[in-house]
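Hello,

Here is the structure I promised to pass on.

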Amino acid sequence: MPTLGKASMERLNTCDPRLQNIITSVVEHFDCTVTCGHRTEEEQEEAFRTGKSTVQFPNSKHNSLPSKAVDVVPCPVDWNDLKRFYYFAGFVMATAEAQGVKLRFGGDWNGDTQVKDNNFNDLPHFEIVD
Ligand SMILES: [Zn+2]
């Protein structure tokens, strides 16, 4: 059974307990790595400057502590295999639903289950909708 590595665990530990439960359950079935949990002001400004985020501090759900957002990618990581990101996202969304948590996926910001109308694709991104 796949498990999260040390760096992934440290990042996940900065996240809301609901996100921790979801990702802990996901990795038992679908190997993945956590690339980002909480983002400091400096890290958020860097993400904004490099185009990884469209918002500045403190407007990302990564900026709260614990973080209301997590970035997770399926392993082995292949940034060109977009189909696998969508496959993985479906698995994450269904796991969250089963745990009674509403998530928003960075490949479907408006949550209409359509991905063609999504303007800014942030495929590793999942955030809690409160
Ligand atoms: Zn993110």
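Below are some notes on the metal site and the salt bridges.

This is a predicted model, in which local features need pLDDT of at least 70 and side-chain atom pairs count only at pLDDT 80 or more, while totals for chains, interfaces and linings use all residues. Residues are numbered from 1 along each chain as its sequence is written, and side-chain values use heavy atoms, with hydrogens and water left out.

The zinc ion has H62 (NE2), D71 (OD) and H125 (ND1) as its protein donors, 2.0 Å from it. (Donors are N, O and S atoms within 2.8 Å of the metal, or 3.2 Å for Na, K and Ca; water is not among the atoms, so sites may look incomplete.) Along the chain, the donors are spaced H-x8-D-x53-H. Of these, D71 sits in strand β2 (residues 69-74) and H125 in strand β4 (residues 125-128), 54 residues apart. Strands are DSSP runs of E, at least two residues, and helices runs of H or I, at least four, numbered from the N terminus.

D71 also forms a salt bridge with R39, with the closest N and O atoms 3.4 Å apart. (That means a side-chain nitrogen of Lys or Arg within 4 Å of a carboxyl oxygen of Asp or Glu.) R39 is in the loop between β1 (32-36) and α3 (41-49), so this pair ties together parts 32 residues apart in sequence. D71 is buried at 7% relative accessibility, and R39 is buried at 9%. (Buried is under 20% relative accessible area, exposed over 50%, partly exposed in between, with a 1.4 Å probe and protein chains only.)

The count comes to seven salt bridges. One of them joins E46 and R49 at 2.3 Å, both in helix α3.

Best wishes
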